[in-house]
Each structure stands twice: as C-alpha cells, then as structure tokens.
Amino acid sequence: MREIVNNLPPPAHSRAVLIGIDGYGEKTWRLGGGLKSILSLASALKQLGVPAHQIDIWLSPADQEATEAADISGWRWRPFKQEEFIRWIETLLASNSDPSPSMLYFHWTGHGIVSTDKTGDQLHHLVLPEAT
C-alpha cells in the first residue's frame, strides 16, 4: 500500500470529479447526506493540496432547503443533468489542453444497483436523477 501512495502524483497535479445525488424525480427516492459527503470530500481534497479549480462538483439536491443547508456557496458546482455531464466528461477525457493533471479521481454518492450478467459477472449501475 505504501508503494501505491508513494507513486501517486502530487495533489496539485490531480483532478477530482465529485457527484452527489440526493434528489431524484420520485419523492420517495431521497438520500440524506449525499451533498454533505461530497462537500466534506471536496474540503479534504483541497486540504491535501488539490487546487479548488481542479475539483468539479455535480449535484442533484433533494430540494432547495437541502442546497441551502449544505452551504455550497464556497464551491463551484453544477446541477447534475445526465446529457450535460456525459458531454462534459467526454470533452474532459478527450482534451489534452491541460497537461498538468496526471490523476483523475472520480467519486459518486447516490443510489447504485449491482446485478449479475449471464456469465455470472457482477455489473455495477449508477442510478441517475432522471431514472424515475
């Protein structure tokens, strides 16, 4: 484990994509704490030396109260919309315009489903806000 940690690029050369899904179209599909988890993780990454402008936050809050309670004012964030996010991440991954980030950290907080395919292999699915 120490070898892995010692071989990581410096935090200043990292990029983080953090997604917090608390709210879905269906009112019974609500998570508590997704936004706060993402903001705590963003703060920890910043304290470790990842520049704030290299931390991309996408959120789907349960409601306006949750957004206000999470105090996201100090962060640059976007509302999570599936099509917009897919275009953004494809552009990010295809772009060579920013050679400094040498590690991409991707974190998802939200509902997920694990299923098994015909061969017995596990499949992991992320449930998007537009799923309902």
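User: How much of the protein chain counts as buried?
Analyst: In this predicted model, 30% of the 132 residues of the protein chain count as buried.

User: Why is D56 called buried?
Analyst: The cut-off for buried is under 20% relative accessible area. D56 comes out at 2%, so D56 is buried.

User: And what makes R76 partly exposed?
Analyst: Partly exposed covers the range between the buried limit, under 20%, and the exposed one, over 50%. R76 has 40% relative accessibility, so that's where R76 falls.

User: Why is the pairing of D56 and R15 called a salt bridge?
Analyst: The rule asks for a side-chain nitrogen of Lys or Arg within 4 Å of a carboxyl oxygen of Asp or Glu. For D56 and R15 the N to O distance is 2.6 Å, so the pair qualifies.

User: What does that pair tie together?
Analyst: D56 sits in strand β2 (residues 55-60) and R15 in strand β1 (residues 14-21), so the bridge ties together parts 41 residues apart in sequence.

User: What makes R15, D56 and R76 one network?
Analyst: Their salt bridges share partners, and that joins R15, D56 and R76 into one network. By this rule, the count comes to two salt bridges.

Notes. Residues numbered from 1 in each chain as written. Predicted model: local features only at pLDDT ≥ 70, side-chain atom pairs only at ≥ 80, totals over all residues. Heavy atoms only, no water. Buried < 20%, exposed > 50% of the residue type's maximum accessible area, 1.4 Å probe, protein only. Helix = DSSP H or I, 4+ residues; strand = E, 2+ residues; numbered from the N terminus.
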